[in-house]
Amino acid sequence: MVKILWVDDEVELLKPHVLFLQQKGYEVETCNNGYDAIDMAAEEAYDLIILDEMMPGMTGLETLPKIKEVRPTTPVIMVTKSEEENIMDKAVGSKIADYLIKPVNPNQVLLSIKKNVHQQQLVTEQTTADYRAEFGRLATSLQMADSFADWCVLYRRLISWEIELEGSTDRSIKEILAYQKGEANQAFSKFVRRNYYNWINHRSEETPTMSHTLMRSSIFPVVEQNEKTTLLLIDNFRYDQWRAISSMLRGYYDVALDDFYCAILPTATQYARNAIFAGLMPLAIDRLMPQKWLNDNEEGGKNQYEEEFLRRLLTQSGKSWKTTFDKLIRPEQGRRLVDNIKRIYEADFSVIVYNFLDILSHARTETDIIRELTEDEAAFRSLTRSWFEHSDLYTILKLLSERGHTVIITSDHGTIRVDNPVRVTGDRETSPNLRYKTGRNLAYNQREVYEVTRPEDIQLPSSNLSSSYIFAYNSDFLVYNNDANRYVRYYRNTFQHGGISMEEMLVPYIVLNPKQ
């Protein structure tokens, strides 16, 4: 039973209210002064305290901090006859749970109690009911999805429900949503398999903006329309992570566009990010600039020439903007950029590549404590928000807002939590990625992967004449038959990228205008 302490110097007049609450199933104790209230709070754990502000001897505002000393987590509702703003400010500043002005009616008090004592239970019940009602509509949308735009809408709705149910204590409804999201990813994989070749080779109005067309079709037009523009590319950044940090930017930016583009395959940094900055598919990069492309089986850094690719693309596109390019991998690089932010202020078009989330994904795979901290998508979102709140990146964005910069936030690809092993075999030169493999002599079950036996068909380079590519679907991950059980135990429930899923391929593309 919920226990309530009601403190008021006119406690005798409250009997109808107390009786009303008791009839609703609450246990209510009363006292008529602050001194007794402090003693009672110290001796008894109450679920809620209702505190009158205007009391002789010790006022409610004087009593409140004393109660907070002994019961810091107990919610306190302040009740007062005064409508003076300074009293309200003091009460709110003292972290009260609610503020009621006399005369109060019983339903007002009941509503405040429900909000502060039963909120999680009520939210769980309501969101569960709302999702059950939405389940059928989502299932219909899944069956009807026939274009890239349809899939973006469906993915946005699924992520919204995932976030909505995050605080729910109803485990079964979360499992239903996870099952429905898995179904959606299976259907999305079939959609990609049907359309990907044509997207790459026969562009039409139905072809989505993709990695190699993103600069020309989406980013350059924004730069042309604004005096100062900054592109922030966060590696491994998913739409749900954007939702996790977006509220923190409301005081600095208005969202002008909240959209998606489609990452190319493989959804891996080496391929997708180079394609973005070069404005070319990987096969074209390899043929035009062979010294600046390394295949999976070749030693060396695979993303060393992004700035050169971008400057080449700007020149070919006839853009003479003053441009800066910064890649931030280590924390000190972020601090250094804050100290030298004037460079960004003076540029027409500045590009910042931020690698923290990619590093975090790998750390989660390799470090037990990080894996425990990011057990699922909700925990990963929470860690993303916590990181962002204390990051140099957040500082940079606030500074850019002050200077009137339009900001584009996007990524090269997303990432997905994998749980289902799919066995393959290959030779020593087969690529090690868990979501795609390229090499020769690959053996696999054709029904379990998207196979491309001629890489040039989807504009990918080959390490040798007989190379092929395979891509994992949904939450699958590719493991070798040799020592497979050890690999399964190590990589199951880790975040990976390179394959086909909504999380990896539907990449957020956000345009932010600075608040005036």
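**Reading the model**

A: Let's begin with two strands: β7 and strand β18 (residues 506–514) pair in the antiparallel sense over nine bridges. Keep in mind throughout that this is a predicted model.

Q: Which residue in β18 stands opposite phenylalanine 260?

A: That's proline 508.

Q: What is the order of the strands in the open sheet?

A: Six strands make up the sheet, and the order is β7-β18-β10-β6-β9-β8, with mixed pairing. At the edges you'll find β7 (253–262) and β8; each has a single partner strand, so one side of each has no neighbour in the sheet. From one strand to the next, the twist averages 15 degrees.

Q: How do I read side chains along a strand, say in β10?

A: The general idea is that side chains in a regular strand alternate between the two faces of the sheet. Now look at strand β10 (residues 406–410): Thr406, Ile408 and Thr410 point one way, while Val407 and Ile409 point the other way. Five of its five residues are buried, so the strand is mostly covered.

Q: Which strands does β10 pair with?

A: Strand β6 (residues 229–234) pairs with β10 in the parallel sense over five bridges. Within that pairing, threonine 229 has threonine 406 as its bridge partner. The strands β10 and β18 run antiparallel and are joined by three bridges. There, isoleucine 409 is partnered with isoleucine 510.

Q: Now the helices. What length should α8 span, and what does the model show?

A: Count 1.5 Å a residue: helix α8 (residues 171–201) has 31 residues and should span 45 Å, and its end C-alpha atoms are 45 Å apart, so the two agree. Do look along α8 as well, though, as there is a kink of about 45 degrees centred on asparagine 195.

Q: How does α7 do on that check?

A: Helix α7 (residues 148–164) has 17 residues and reaches 24 Å from its first C-alpha to its last, close to the 24 Å expected. Its buried residues include Phe148, Trp151 and Tyr155.

Q: How is a pair of aromatic rings described?

A: You give the distance of the centres and the angle of the planes. In this model the count comes to 28 aromatic pairs. Take phenylalanine 220 and tryptophan 321: their ring centres are 5.5 Å apart and their planes are at 75 degrees, so the pair is edge-to-face. Phenylalanine 220 sits in helix α9 (residues 214–225) and tryptophan 321 in the loop between α13 (306–316) and β8 (323–328), so the pair ties together parts that are 101 residues apart in sequence. Ring pairs also link Phe148, Trp151, Phe188, Phe191, Tyr196 and Trp199 into a cluster.

Q: Is phenylalanine 220 buried or exposed?

A: Its relative accessibility is 3%, so phenylalanine 220 counts as buried. With a relative accessible area of 62%, arginine 489 is exposed.

Q: Which charged residues lie over the face of a ring?

A: Two to look up: lysine 398 lies over the face of tyrosine 394, at 4.2 Å from the ring centre. Arginine 486 lies over the face of tyrosine 487, at 4.9 Å from the ring centre.

Q: And how many helices and strands are there in the chain?

A: The chain has 21 helices and 18 strands. Buried residues make up 53% of its 516 residues.

Terms used. Residues are numbered from 1 along each chain as its sequence is written. This is a predicted model: local features need pLDDT of at least 70, side-chain atom pairs count only at pLDDT 80 or more; totals for chains, interfaces and linings use all residues. Side-chain values use heavy atoms; hydrogens and water are left out. Helices (H or I, at least four residues) and strands (E, at least two) are DSSP runs, numbered from the N terminus. The expected span of a helix is 1.5 Å times one less than its number of residues. The bend at a residue is the angle between axes fitted to the seven residues ending there and the seven starting there. Rings of Phe, Tyr and Trp (its six-membered ring) pair if their centres lie within 6.5 Å; planes under 30 degrees apart count as stacked, over 60 as edge-to-face and the rest as tilted. Buried means under 20% relative accessible area, exposed over 50%, partly exposed in between (1.4 Å probe, protein chains only). A charge sits over a ring if NZ of Lys or CZ of Arg is within 6 Å of the ring centre and within 35 degrees of the ring normal. Two strands pair if DSSP finds at least two bridges between them. Axes are lines fitted to C-alpha atoms, for helices over the stretch in contact, and angles run from 0 to 180 degrees between N-to-C directions.
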